[in-house]
Amino acid sequence: MTTHTAFDLAAAVADQLADPHTAHLGPATAHRQHLAHGLPGIALLHIERAAAGLGPWQRAHDWLAAASREPFTSGPDSHPFYGAPAFAHALARAADHLPGAYQRALDTLDHQMITDVNLRLDAAHHRIDAELLPALAEFDTIRGLTGYGAYLLRRDPGATVLRAVLDYCVRLTQPITHDGEFLPGWWTATGPSGRPDDRFPGGHANNGMAHGIGGVLALLALAARRGTLVSGHAAALGRMLGWLDRWREDTGRGPRWPYWITRSELRTGRLGPSALGRPSWCYGTAGLARAQQLAALALGETRRQIDAENALVAALTDPDQLKAITDNGLCHGFAGLAHIAARAADDAHPSTVGRLRAAIPLLLAVVHPPGTDPAHTAATLIRDEERGPGFLDGAAGIALAVLAPSTTKPPQSAWDACLLVA
């Protein structure tokens with residue numbers, strides 16, 4: 001009953017977002033080019049439903065057309081979740097199911113993206129050669145080269161530019177000496193916001209899927225599973241896994257990983273107080289457990305795979321961790337947890353798959369409790385003044401995240417490729 005209820009919620013959201021000319025856009029109006037909050041992310045919902053045979057392709061086309069009505073930002077002011085690259089992700093997800101459709105537009109977008117990626121790679125290698133620290137936006141999933149790699153891996157796993165991104169990721173994992181200290185290659189001098197922060201003297205090493213090494217780990221693991229390997233690939237996976245092993249904390253209810261490591265924690269080798277937070281995709285144990293599961297599968301390390309899956313089960317069932325979750329969104333809410341659980345269960349070891357699947361109905365019941373009117377819930381989500389109808393935090397993302405667990409089938413359009421969970 002719970003999965004059916006969540007399925008009804010996804011349908012209600014899609015119906016209320018059927019027409020971009022009449023739908024309540026709210027915050028999406030100010031973020032039209034943004035995958036996280038704007039029109040390309042809402043298009044993903046209709047693309048996935050059409051690909052799964054649950055809705056008409058016309059809705060997807062209407063949202064893509066609305067998103068492209070104004071020119072997209074490209075070049076250095078764009079990134080995987082903003083501007084031309086964000087639209088390319090949505091358009092490519094539709095084109096995969098409509099042979100010949102959108103090809104001219106995609107060719108143009110891909111050409112621009114390859115140019116932008118090569119410029120970013122040149123700058124990144126010059127930075128490493130100069131023994132300088134990276135900005136988060138150089139490499140992360142949302143704004144950086146890892147996010148571009150996610151798109152390229154799905155578009156063309158054998159592409160030369162993808163291999164160049166993977167080569168860069170391998171190099172990023174190699175240690176760097178800065179100010180006389182030995183640091184991981186992804187250490188940044190700023191705070192987690194990407195700006196200087198007095199709370200992070202000496203900077204930090206970010207572990208997250210959205211802005212840290214978790215995304216790099218997932219990209220290299222997914223590339224390896226698809227047979228796209230570069231020199232040093234396995235060693236890079238090992239370095240990142242070793243880092244996460246070092247900072248794993250066993251709580252008695254299962255392992256957890258901190259969002260980031262500060263300079264003082266690196267020097268002492270001990271985590272400070274309040275270093276751990278909610279499990280989610282963007283930060284915390286859920287996303288990192290999936291990334292480690294993918295890496296273990298790529299390396300053939302069954303023991304590590306089971307450990308990662310057990311860590312995810314613990315995060316999904318630990319009342320203390322779940323209390324820290326304050327919303328239902330894809331990025332850091334209950335819907336996102338349900339989606340990660342479903343994707344992990346698709347690959348899980350026989351000893352853990354049952355417990356992963358058993359956790360999903362309870363998560364879906366939080367998103368949309370049984371007996372709740374789906375149309376009312378959908379309207380409430382869409383009209384939320386802060387989160388609105390968008391993808392990463394809002395209604396479209398919630399609808400997408402509950403769809404696969406509700407149908408017990410993986411996404412048909414690979415909409416979640418931008419999240420590096422599959």
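Welcome to this structure, which holds eight aromatic pairs. Please keep in mind that the model is predicted.

**Aromatic pairs**

- A pair of aromatic rings is described by the distance of the centres and the angle of the planes.
- Trp 243 has a relative accessible area of 7%, which is under 20%, so Trp 243 is buried.
- Tyr 259 and Tyr 283 form a stacked pair, with centres 5.0 Å apart and planes at 25° to each other.
- Where do these two tyrosines lie? Tyr 259 is in the loop between strand S5 (255–256) and strand S6 (260–262), while Tyr 283 is in the loop between helix H11 (263–268) and helix H12 (285–299).
- The pair of Tyr 259 and Tyr 283 therefore ties together parts that are 24 residues apart in sequence.
- Tyr 259 is buried at 15% relative accessibility, and Tyr 283 is buried with a relative accessible area of 11%.
- Both tyrosines belong to one aromatic cluster, formed by Phe 200, Tyr 259, Trp 260 and Tyr 283.

**Gln 292, a buried residue in H12**

- Gln 292 sits in helix H12 and counts as buried, at 3% relative accessibility.
- Beyond its neighbours within four places in sequence, Gln 292 is in contact with Leu 217, Leu 241, Leu 244, Trp 257, Arg 304 and Ala 308.
- Gln 292 and Glu 309 are 17 residues apart along the chain, and their C-alpha atoms are separated by 8.7 Å.

**His 339, a buried residue in H15**

- His 339 is part of helix H15, which spans residues 334–347.
- With a relative accessible area of 1%, His 339 is buried.
- Not counting residues up to four places away in sequence, His 339 touches Ala 401, Ala 404, Pro 405, Pro 411, Trp 415, Asp 416 and Val 421.

**Helix H2 against helix H3**

- Two packed helices are described by the angle between their axes and the distance between the axes.
- Helix H2 (residues 39–51) packs with helix H3 (residues 57–67) at an angle of about 160°, and their axes are 8 Å apart.
- An angle over 145 degrees counts as roughly antiparallel, so H2 and H3 are roughly antiparallel to each other.
- The crossing in which H2 passes H3 is left-handed.
- On the H2 side, the meeting residues are Leu 39, Pro 40, Ile 42, Ala 43, His 46, Ile 47, Ala 50 and Ala 51. On the H3 side, they are Trp 57, Arg 59, Ala 60, Trp 63, Leu 64, Ala 66 and Ala 67.
- By class, this contact of H2 with H3 divides into 13 nonpolar residues, one polar and one charged.

**Helix H7 against helix H8**

- Helix H7 (residues 145–155) and helix H8 (residues 160–172) pack at about 145°, with axes 9 Å apart.
- H7 and H8 have a left-handed crossing.
- From H7, Leu 145, Thr 146, Gly 149, Leu 152 and Leu 153 meet Val 161, Leu 162, Val 165, Tyr 168 and Cys 169 of H8.
- How many charged residues does the contact of H7 with H8 have? This contact has no charged residues, alongside eight nonpolar and two polar ones.

Definitions and conventions. Residues are numbered from 1 along each chain as its sequence is written. This is a predicted model: local features need pLDDT of at least 70, side-chain atom pairs count only at pLDDT 80 or more; totals for chains, interfaces and linings use all residues. Side-chain values use heavy atoms; hydrogens and water are left out. Axes are lines fitted to C-alpha atoms, for helices over the stretch in contact, and angles run from 0 to 180 degrees between N-to-C directions. Helices (H or I, at least four residues) and strands (E, at least two) are DSSP runs, numbered from the N terminus. Angles under 35 degrees count as roughly parallel, over 145 as roughly antiparallel, 65 to 115 as roughly perpendicular and the rest as oblique. A crossing is left-handed if the near helix is turned anticlockwise from the far one by less than a right angle, and right-handed if clockwise. Contact means heavy atoms within 4.5 Å. Ala, Val, Leu, Ile, Met, Phe, Trp, Tyr, Cys and Pro count as nonpolar, Asp, Glu, Lys and Arg as charged, and the others, Gly among them, as polar. Rings of Phe, Tyr and Trp (its six-membered ring) pair if their centres lie within 6.5 Å; planes under 30 degrees apart count as stacked, over 60 as edge-to-face and the rest as tilted. Buried means under 20% relative accessible area, exposed over 50%, partly exposed in between (1.4 Å probe, protein chains only).
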